[in-house]
Amino acid sequence: MRFDVDQRLLHGGDYNPDQWLDYPEILKQDIELMKQAHINTVTLGVFAWDALEPTEGQFEFGWLDQVFDEINKLGGNVVLATPSGARPRWLSEKYPEVNRVDDRLQRHHHGFRHDHCYSSPVYRQKVQEIDRRLAERYGNNPALSMWHISNEFSGECFCDLCEANWQQWLRDKYGSLKALNDAWLMSFWSGLYTDWQQIKVPSQLATTKTHGMALDWKRFVTDMTIDFFDMEKATVKAANPAVPVTTNFMAEGSNGDFVPLEGIDYAKFAQHVDVVSWDAYPQWNNNFEPFAETAMKTAFVHDTFYGLKNQPFLVMESTPSRVNSPVAKAKRPGVHALSSFQQIAHGSEGSLYFQFRQARANSEKFHSAVVGHDNDPHNRVFQEVAAYGARLDKLGGVRGSKRQARVAILYDWQSLWAQKREAAFGRDRKRYFQTLEDHYAYFWQHDIPVALVPTSRDFSGYDIVIAPMLYVMTPKLEARLSDYVAGGGTLVSSYFTGIVDPHDTVLLNGWPKPLQQLFGIRPTEFDSVYEGEHNRLAYAGQVFQTSEFAQLMVATSATVLGTYEADFYKGTPAVTRNAVGQGRAYYIGPRTGRDFLDVFYERLCHDRELREPLLEETRPEVSVQARTGADQTYYFVMNMSADKQAVTTTMATVDAESGKRIAAGPLTLPAYSVRVLRSK
Amino acid sequence: MRFDVDQRLLHGGDYNPDQWLDYPEILKQDIELMKQAHINTVTLGVFAWDALEPTEGQFEFGWLDQVFDEINKLGGNVVLATPSGARPRWLSEKYPEVNRVDDRLQRHHHGFRHDHCYSSPVYRQKVQEIDRRLAERYGNNPALSMWHISNEFSGECFCDLCEANWQQWLRDKYGSLKALNDAWLMSFWSGLYTDWQQIKVPSQLATTKTHGMALDWKRFVTDMTIDFFDMEKATVKAANPAVPVTTNFMAEGSNGDFVPLEGIDYAKFAQHVDVVSWDAYPQWNNNFEPFAETAMKTAFVHDTFYGLKNQPFLVMESTPSRVNSPVAKAKRPGVHALSSFQQIAHGSEGSLYFQFRQARANSEKFHSAVVGHDNDPHNRVFQEVAAYGARLDKLGGVRGSKRQARVAILYDWQSLWAQKREAAFGRDRKRYFQTLEDHYAYFWQHDIPVALVPTSRDFSGYDIVIAPMLYVMTPKLEARLSDYVAGGGTLVSSYFTGIVDPHDTVLLNGWPKPLQQLFGIRPTEFDSVYEGEHNRLAYAGQVFQTSEFAQLMVATSATVLGTYEADFYKGTPAVTRNAVGQGRAYYIGPRTGRDFLDVFYERLCHDRELREPLLEETRPEVSVQARTGADQTYYFVMNMSADKQAVTTTMATVDAESGKRIAAGPLTLPAYSVRVLRSK
Amino acid sequence: MRFDVDQRLLHGGDYNPDQWLDYPEILKQDIELMKQAHINTVTLGVFAWDALEPTEGQFEFGWLDQVFDEINKLGGNVVLATPSGARPRWLSEKYPEVNRVDDRLQRHHHGFRHDHCYSSPVYRQKVQEIDRRLAERYGNNPALSMWHISNEFSGECFCDLCEANWQQWLRDKYGSLKALNDAWLMSFWSGLYTDWQQIKVPSQLATTKTHGMALDWKRFVTDMTIDFFDMEKATVKAANPAVPVTTNFMAEGSNGDFVPLEGIDYAKFAQHVDVVSWDAYPQWNNNFEPFAETAMKTAFVHDTFYGLKNQPFLVMESTPSRVNSPVAKAKRPGVHALSSFQQIAHGSEGSLYFQFRQARANSEKFHSAVVGHDNDPHNRVFQEVAAYGARLDKLGGVRGSKRQARVAILYDWQSLWAQKREAAFGRDRKRYFQTLEDHYAYFWQHDIPVALVPTSRDFSGYDIVIAPMLYVMTPKLEARLSDYVAGGGTLVSSYFTGIVDPHDTVLLNGWPKPLQQLFGIRPTEFDSVYEGEHNRLAYAGQVFQTSEFAQLMVATSATVLGTYEADFYKGTPAVTRNAVGQGRAYYIGPRTGRDFLDVFYERLCHDRELREPLLEETRPEVSVQARTGADQTYYFVMNMSADKQAVTTTMATVDAESGKRIAAGPLTLPAYSVRVLRSK
C-alpha cells in the first residue's frame with residue numbers, strides 16, 4: 001500500500017530473495033516466518049541488478065513477480081529499490097567508464113558497490129533502462145509502498161567525465177574566470193586560472209589547498225549526487241507519479257561519535273526526496289559511554305533527519321541485534337524494542353531492518369538479521385523482533401502524527417565543511433555536529449523537544465534558536481537572525497560564528513557590523529589553547545572550566561553574564577546577553593563543557609517556561625518523546641538504562657497498546673522498557 | 001656430508017664470501033675462525049647470483065669451488081642455496097616481467113630482494129638454468145649436505161601473468177563459473193562473474209571483499225609458491241636425488257607476538273620439502289614479558305615446525321646476539337647457549353646462524369654475527385658461540401632422536417586466514433595462533449610434551465586432542481573428530497569452531513548436527529563484548545574472568561562443568577563435557593585467560609596421568625624437553641631465568657657432555673644455564 | 001638601503017600587495033600602518049609571479065614600481081624575492097615537465113607551491129627570464145636591501161630529468177660502476193649495477209634499502225637545490241653584484257622537537273649565500289614544556305644558523321602572534337618582544353614577520369600578521385609589534401656586532417642522515433640534533449655562549465669542542481680531532497661516534513685506531529635496551545640513570561671517570577678521560593639524561609673557568625646573551641618566564657635604549673620582559 005495512504009506503522013526490512021533463488025525451501029519458509037514476525041513491509045531489489053538483468057538486455061522479472069505476489073497475499077508493502085547501488089559485473093567490464101577513478105587518479109575495476117561514476121552517460125542510460133522497466137512493471141502494483149532510489153549515496157569520482165562536469169558546474173556558477181579567481185583568492189601563491197580546463201578535480205596529484213575550491217567541490221559532489229538521484233526519480237515517477245520516492249541517508253559513528261554523514265549536504269538533498277529515510281546503526285551497550293548518552297546522540301540524529309523536511313521520516317535500516325563491526329556485540333534483552341520504539345518516538349513511521357534473513361557469506365555475514373543462520377524462530381533475536389512487531393500492530397494511531405517544539409537548533413553543512421577544512425585551530429578539534437549535540441543534550445535530558453532546523457528554512461516561529469559555530473555567514477542570514485531577535489526571539493550563538501563568507505574567505509574588516517550590533521559585542525582577539533590547558537568561566541555564581549577555543553571581546557551594548565577568570569584576558573566578557581527589540585541575543589565566547597550549558601539552558605528554559613508536561617521530574621535515564629496527531633498526543637516513555645526506574649506522571653493517560661486508563665501517579669519502568677501512553 | 005647420514009649436530013650458518021671477494025685476507029681468516037668457533041656447516045650462495053652469473057650467460061664458479069674445497073678440508077658441510085631469492089639487476093632490467101607488480105598495480109623496478117614474480121616464464125627459465133649448473137657442479141660434492149631452495153618465500157604479485165595463472169587455477173578448481181559464483185555467493189551485491197577474465201587479482205583497485213575469493217587467493221599464493229619451489233627442487237634433484245631439499249620457513253614477531261608466518265600454508269608446503277627448516281628470531285630479554293614467556297612462545301613455534309612433518313627439523317638462521325630490529329638488544333651472557341640448546345631440545349638437528357661474518361653495509365649491518373666488525377675472536381659473542389659449538393661436539397648422540405607426546409594441538413592455516421578475514425568481531429581480536437599458545441602454555445610450563453599437528457594429519461594416536469577455534473569445518477573433519485572421541489579420545493574445542501565451510505560461507509541451518517552430537521550442546525547465540533568488559537565463569541569452585549567472545553548454548557546431552565555468572569546469560573552453560581563412546585568431548589564457550597586453562601588442563605592431565613618424569617616439581621622458569629633415540633632419552637634441562645634455580649631429579653641420569661653419572665636428587669642450575677642429561 | 005651598509009636593525013616582513021591590487025584603499029592604509037608599526041623593511045614578490053607575468057612573456061611591473069616608490073619615500077628597505085617558489089599555473093599547464101613527480105612516480109598537476117622540478121631546463125629558463133628582468137629593473141634601486149632567492153627550498157623530485165641528473169652526478173662522483181658498486185657494497189643481495197641507467201631514483205617502486213645510495217641521494221638533493229639557487233643567484237648578481245643574496249632556511253617542529261630542517265645540508269648550502277636567513281616558528285607557550293625549554297631550543301637553532309657562516313644572520317619570517325598550526329595559540333602579552341629580542345640577541349640583524357597584512361583566504365588565513373583581519377591598529381598584536389619596532393629604532397648600535405664563544409658544538413648533516421637511515425637501534429631513537437640540544441642546554445642555562453660549528457669548519461680555536469654521535473668518520477677528521485686535543489683542546493664525544501665511513505659503511509676491523517688512541521679506550525660491545533629499561537652510571541659520587549644506548553669498552557690509557565652499575569657490564573667504564581699532548585679527550589659511553597650532563601659540564605666549566613660575566617648567579621628562566629661590537633658589548637637580559645625575576649648584576653652598565661647608567665646590583669625583570677644593557 002502506498003506509503004502516504006497506509007495507516008500502519010511499518011515493520012520489516014531488506015529482503016534479498018535474489019540471493020536465495022537456488023533454495024526454494026528457504027523462500028517458502030521466509031513468508032511463513034514474516035507472518036510470525038509481524039512483518040508488513042519488505043525492501044526489495046537493493047542489490048538485485050544481477051538477478052534482474054543477468055546479461056545485457058536480457059531481463060528476468062519472474063522471481064520478483066512472484067515475491068510481489070506473495071507480499072500482496074500477505075497484505076504487505078514493498079519498498080522497491082532501483083538497483084543502481086551495485087551494478088552487475090558485465091556492465092563494469094564492458095563499459096569501464098562506469099567505474100570510479102580514485103584520488104590517486106587510478107580507475108578501479110569492478111569490485112566495490114557504490115563505486116560507480118555519477119557522470120558516466122553510459123551508466124545513466126543503463127540505470128534509466130532498468131529503472132524504466134521496473135517502474136512500468138511494478139509502478140502500479142498494489143503492494144508498492146515507496147521507491148528506494150539506489151542505496152546509501154556517497155563518495156566521489158575523479159574521472160575525466162567528472163572533471164568536465166566540474167568545470168561546467170564552475171562556469172555556470174561563476175560565469176568568468178575573473179570571478180572564480182577572485183572568489184577563491186587565486187592570487188595567493190600565484191594560482192590564477194587562465195583557462196577553465198586548468199581547474200582539475202582535487203585529486204591527491206592536484207590542487208587541494210584552495211579553501212574556496214574545497215568548499216565548491218563538496219557542493220559539486222552534493223549536486224552531482226542529487227542530479228543522479230533526480231534522473232532516477234524522474235524515471236520511476238514517469239510510470240506513476242503518486243508513489244513517493246526516498247533514498248536512504250546515513251549517519252557516521254567512530255571514536256564514540258554518532259553524527260549525520262559529513263560528505264553530502266542532506267539539507268539540500270532532502271528537498272528532492274518525498275520522504276526522508278535513513279540507516280540507523282548506533283552502537284548500543286558500548287563500553288565508552290552510558291546507555292543514555294548513546295540514546296541522546298541517536299535521538300539527535302533522528303531529530304536532524306526529522307528536521308530536514310520537518311515531517312515524519314522512516315528508519316530504512318537498523319539491526320535486530322549485532323552490527324557488522326569489530327566488536328559486534330549482541331543487543332541486550334529489551335534493547336531491540338527500546339531502540340526501535342525510540343525511532344517511532346522521534347518521528348519514524350516504522351522500523352525496518354537490514355535484513356530479514358542473515359547472509360551466509362561475505363561482508364555482512366555476521367550482521368544480525370530477523371532470521372539467523374540457525375533458521376530458527378525460537379532464537380531470542382527473532383522472538384524479540386516478533387514481539388516488537390506485535391506491539392507495533394496496536395499502534396497504528398501514531399501514524400502521521402507530528403513532532404512539536406518551541407526550541408530550534410540550526411545546522412549547516414557549509415559551516416561543517418568549512419570548519420573541517422581549515423587547518424589552523426585543528427580540523428579534528430572543531431567537532432561541529434558534536435557541539436550541537438552538547439547543546440541538544442540538556443533539552444533531551446529534560447524531555448524538552450527540540451527542532452533541528454537547516455539554516456535555509458524559516459526559524460522565526462521558535463521561542464529559542466540555538467546556532468553555535470555558525471561559521472559561514474551571509475548578509476541575508478545576518479538579517480534573518482537580527483529580525484528574529486528584534487521580533488522577540490531568543491538567540492544563542494558562540495565562538496566561530498560569522499567568520500567566513502560562502503567562499504570560505506574571512507570577512508573583510510573584521511566581524512560583521514550587523515552581528516556586532518545583534519550581540520552587542522566587539523571581538524578583539526581569538527585564543528586557542530593546547531590539550532590539558534584551560535581557562536575558567538565565572539557564570540551565575542559558579543566557575544566552569546573552558547578549553548580549546550576562546551573568543552575575546554568587549555561588550556558594547558551587551559550585558560556581561562560571564563567572565564574569563566584566568567590568563568591575560570582575566571575579567572573580560574565570556575558570556576553576554578544583548579537586548580534587541582523584543583528579543584535577546586546570547587553569545588558564548590569559549591568552548592565549555594556540558595556542565596555550563598546545563599546551567600545556562602536551565603535558566604533560559606526557566607525564563608521561557610519550557611518543560612516537559614508528562615513527568616513530575618525528568619532524568620537522563622528516562623526519555624519521554626511525544627508525537628501529536630489530530631486528536632491526541634502519544635508519549636513514548638523509555639527507560640534508557642539497565643535499572644528499574646520509578647517515575648511519576650502528572651496527568652491521567654491511556655495505555656496506547658491495551659487501551660487501559662492510567663491514573664496520574666507512580667509508574668514503574670523495568671530495565672530497557674518502553675510504555676506508550678496516549679493523552680486520551 | 002649429506003644431512004641424512006651425518007651424525008653430528010650442525011653448527012654454523014650463512015656464509016657470504018661472495019661479498020668479500022676483494023678481501024682475500026678476510027677469506028683466509030674466515031676458515032681459521034670457523035675452526036675456533038667449532039663450526040661444521042656453512043650455508044652458501046643465498047644471495048650470490050651476481051657472483052655466479054655476473055652477466056647473462058657468463059658463469060663464475062671458481063670462487064665457490066674454492067670455498068667448497070676449504071670446507072671439504074675442514075670436514076664440514078655445505079648447505080647450498082639456489083640464488084633465486086635475489087636475482088641480479090641485469091636480469092630485472094632486461095626482462096621487466098620478472099619484477100613484481102604491487103597491489104596498486106604498479107610494477108616495481110629491481111630493488112627489493114624476494115620481489116620476483118612467481119609466474120614469469122622468463123624468471124623460471126633463468127632460475128632453472130643457474131640451478132641446473134649448480135646442481136651439476138656441486139650435486140655430488142662430498143661436502144654437500146642439503147639444498148636450500150631460494151630464501152624465505154613470501155609475498156604476492158599482482159601482474160598479468162599471475163592474473164592469468166589465478167584464473168586458470170580457479171578454472172581447474174571450480175570447472176564452471178556457476179560453481180564459482182555459488183561457492184563465493186556472488187549473487188551478493190550483484191557480483192556474478194560472466195567470464196573468467198573478469199576475475200581480477202585482488203589488488204586495491206579491484207574486488208577485495210569477497211571472502212571466498214580472499215581465501216582462495218591465499219591458497220593460490222601458497223600453491224604458486226610451492227609450484228615455484230617444486231620447479232627448483234626438481235632441477236637440483238636431477239643431478240643427485242639423494243641430497244635432501246629444504247627451504248627456510250619463517251615466524252613473525254610484533255607487538256609481543258611470536259607465531260608462525262601467516263601468509264603461506266606451511267602445512268601444505270611441508271609436504272614438498274625433505275627437511276623442514278626455519279629462521280628463528282625471537283626477542284630474548286625484551287621489556288614486555290618474562291623471559292620464560294618468550295621461551296614458551298619460541299617453544300611453540302619450534303614444536304609447530306617439528307609437527308609439520310613430525311620429524312626433526314633444522315634452525316637455518318638464528319642470531320648470536322642482536323637481531324636487526326629497532327631495539328637490537330644484545331643477548332645477555334648465557335642466553336646464546338640457552339636459546340640454541342632450546343632449538344635442539346625441541347627437535348632441531350643443529351643451530352645455524354645468520355651469519356658467520358657481520359655485514360659492513362646495508363640492511364643487515366648491525367645484525368650480529370659470529371665474527372663481528374672488530375674481527376676479533378676475543379669478542380664475547382664469538383666466545384659464547386665457540387663454547388656452545390664445543391658443547392654440541394659432544395652431543396652427536398642426540399642426532400636423529402625424536403620428540404614424543406601424548407597430547408596434540410591441532411592447527412590449520414585455513415581457519416587462521418578465514419578468521420583474520422572477517423571484519424565482524426574484529427580481525428585483530430581473533431588471535432588464532434596466540435590462542436593456541438595459551439592452551440600450549442600449561443603443558444610447556446609443566447614440561448609435558450605436546451605435538452602440534454596439522455588437521456590434515458592423523459591425530460588418532462593421541463590421548464588428548466586440543467582444537468580450539470577450528471573455524472573452517474568439513475563433514476570429513478567432523479567425522480574424524482567424532483570417530484576419535486568415540487574411540488576413546490579426549491577432545492577439547494571452543495567458540496569459533498565449525499562456523500564456516502571451506503569457502504568461508506557460514507554453514508546452512510546453524511551449527512552442524514554432527515558437532516552438536518559430539519559435544520552434546522546446541523549453540524543459541526554468540527556474544528562479543530568490548531575491551532574492558534567481561535563476564536565471569538564459574539568452574540571447579542573458582543570464578544574466572546572471560547572476555548571478548550562468548551558462545552551461548554544449551555546442553556543437550558553434555559554435562560555442564562562451568563557456567564556464566566553475569567549478564568543476561570547468567571547461569572547458562574559455559575564449559576561442557578560430553579561422553580561419546582569411549583571418549584569425552586569438552587567445549588569451552590568463552591574466551592578465557594590462562595588462569596582458567598591452567599585449572600582446566602591440570603584436572604585433565606591428572607585424569608589422564610600425564611606428567612613429566614624427570615623433575616619432582618615443575619615450574620615455568622625451568623623447562624625440560626626430551627628427545628628420545630633408539631637407546632636412550634636426552635633431557636634438556638634449561639633455566640629460563642636470570643636467577644639460580646634448584647630442582648630435584650627423580651631418577652639417576654648421565655651428564656651427556658661429560659659422561660658422568662648423576663644420582664637422583666638436587667640439581668642446581670645457574671642463571672640461563674642448560675644441562676643435558678641422558679637416561680643412561 | 002643595501003643590507004651590508006644599512007646601520008639599522010631591520011623590522012618588517014613579507015608584504016604581498018599583489019594579492020590586494022583590487023583594494024586600493026587597503027594599499028593606501030598599508031603604508032600608513034607601516035609607519036605606525038615602525039617598519040623599515042618589506043619582503044616583496046615571494047609569490048608574485050602571477051602578478052609580474054600574468055601570461056607568458058607579458059610582464060607587469062607597474063604595481064611593483066609603485067611599491068618601491070612608496071618604500072623609498074618611507075626610507076625603507078626592500079628584500080626582493082625571486083618568484084620561483086610558486087610558478088604561475090599557465091606555466092605548469094603549458095610545460096608539464098616543470099611539475100614534480102612524486103615517490104610513487106606520478107607527476108603532479110600544478111597545485112602545490114614549492115613543487116617544481118629542479119632539473120627542468122624549461123623551468124630554469126623561465127626562472128632566469130623573470131629573474132633577469134627583476135634584476136635589471138630593481139637591482140640598482142636605492143631601496144633594494146637584499147635578494148631573497150625563491151622560498152623555503154625543500155623536497156625532492158623523481159622525474160626522468162632528475163633521474164638523468166642523478167646518474168650524471170654519480171658518474172661524476174664515482175667515475176666507474178666498479179667504484180660505485182664497491183662504495184655501496186652492491187654485492188649484497190645481488191645488487192650489482194652493470195649500467196649507469198639501472199640506477200633509478202629511489203622512489204617507492206625502486207631500490208630504497210641501499211644505505212650508501214640513500215646518503216648519496218640526500219647529497220644529490222642538496223647539490224641540485226644549491227645548483228638551482230646558484231643559477232638564480234648568478235642571474236640577479238649580473239645586474240648589480242653588490243647586493244647580497246640570501247634564501248630563507250627552515251627549522252622543523254613536531255612532537256615537542258625544534259631542530260634545523262633535516263632534508264638539506266645547510267652547512268654546504270650556507271657557503272653559497274651571502275647572508276644566512278631563516279624562518280623561525282617555535283611553539284611559544286605550549287603545553288609540553290616550560291617556556292625556558294622552548295627558548296633554549298630556539299636559541300640552539302639561532303646559534304646553529306649563526307654558526308653556518310659564523311656571522312650575523314637574519315630572521316626572515318616569524319609571527320606576531322599565532323602560528324598556522326592545529327592549536328594556533330596566541331602569543332601571551334610580552335612574548336612577542338621577548339621572542340623577537342631573542343633573535344637579535346643570538347645574532348639576527350632584525351626581526352621580520354610573515355606577514356604584514358593577514359590573508360583572507362586559503363592556507364595562511366589564520367596565521368597572524370601585523371595587521372589583522374580587523375584592520376585595526378588598536379589590536380593588541382599590532383600594538384605589541386609597534387612597541388617592539390620603536391625599541392629597535394633605538395638599538396642601531398647592535399648592528400654588525402658579533403657573537404663570541406670559547407665552547408663549540410660540532411654538527412654534521414651527514415651523521416644526521418646516516419643515523420636516521422639505519423633501522424637497527426631505531427631511526428627515531430637516534431635524535432641527533434636533539435642530543436646536541438641536550439649538551440647545549442647546560443651552557444644556555446648558565447649563559448655561557450656556545451658556537452655551533454659545522455665539522456667542515458676550523459674548530460681549533462675553541463677551549464672545548466663537543467662532538468657527540470659524530471657517526472660518519474674520515475681519517476682526516478680523526479686527525480683534526482687528534483691534533484686539536486694534542487694542541488691543548490678539550491674534546492667531548494660519545495657512543496655512535498666514528499661508526500661508518502662516508503658511504504655509510506661500517507669501518508673495517510672495528511673502531512678506528514686513531515680514535516682508540518685519542519680516547520684511550522677500546523670498544524667491546526654495543527648494547528641497546530628497550531623503553532623503560534635502564535642502566536645506572538656512577539660518576540662523581542652520584543648515580544644517574546642511562547637509557548637506550550650503551551657503548552661497552554675497556555680503558556687502555558684513559559682514566560675511568562664513571563662506570564656502569566648494573567647488568568652484565570657492571571663495573572666497566574662508562575665515562576672516560578684521556579690525556580693526549582696538552583689536551584684531554586672525554587668519552588661518554590651511554591645515553592644519559594641532562595642531569596648527568598649538567599654535572600659533567602659544570603666540572604668542565606669550572607676547570608676551564610668558563611662563566612657568564614654579567615650576573616652573579618644564572619638560572620634557566622633568565623637568559624643573557626651578548627653581542628660584541630667594535631667598542632662595546634650588548635647584553636640582552638631576557639626573562640623567559642611568566643614570573644617576575646630578580647637578578648643581580650656584577651658590573652655597571654648602560655641601558656642601551658634610554659642611555660641611562662645602571663649601577664651593579666639588583667635588577668628586576670617583569671614577566672616575559674627584556675632589558676638591553678651596554679657595557680659602556
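Trainee: Which strands are joined to β9(C), and how do they run?
Mentor: Two bridges join β9(C) to strand β10 (residues 348-353) of chain C, and the two run parallel. Strands (E, at least two residues) and helices (H or I, at least four) are DSSP runs, numbered from the N terminus; two strands pair if DSSP finds at least two bridges between them. F313(C) has S348(C) as its bridge partner in β10(C). This is a predicted model, in which local features need pLDDT of at least 70. Residues are numbered from 1 along each chain, and chains are lettered from A in the order in which they are written.

Trainee: How does the chain cross from β9(C) to β10(C)?
Mentor: A crossover is right-handed if, with the strands pointing away from the viewer, the path from the first strand over the helix to the second runs clockwise. Here the chain passes through helix α11 (residues 335-345) of chain C, and this β-α-β crossover is right-handed.

Trainee: Is strand β9 of chain C buried or exposed?
Mentor: Buried means under 20% relative accessible area, with a 1.4 Å probe and protein chains only. In β9 (residues 313-317) of chain C, five of its five residues are buried.

Note on methods. This is a predicted model: local features need pLDDT of at least 70, side-chain atom pairs count only at pLDDT 80 or more; totals for chains, interfaces and linings use all residues. Side-chain values use heavy atoms; hydrogens and water are left out. Buried means under 20% relative accessible area, exposed over 50%, partly exposed in between (1.4 Å probe, protein chains only).
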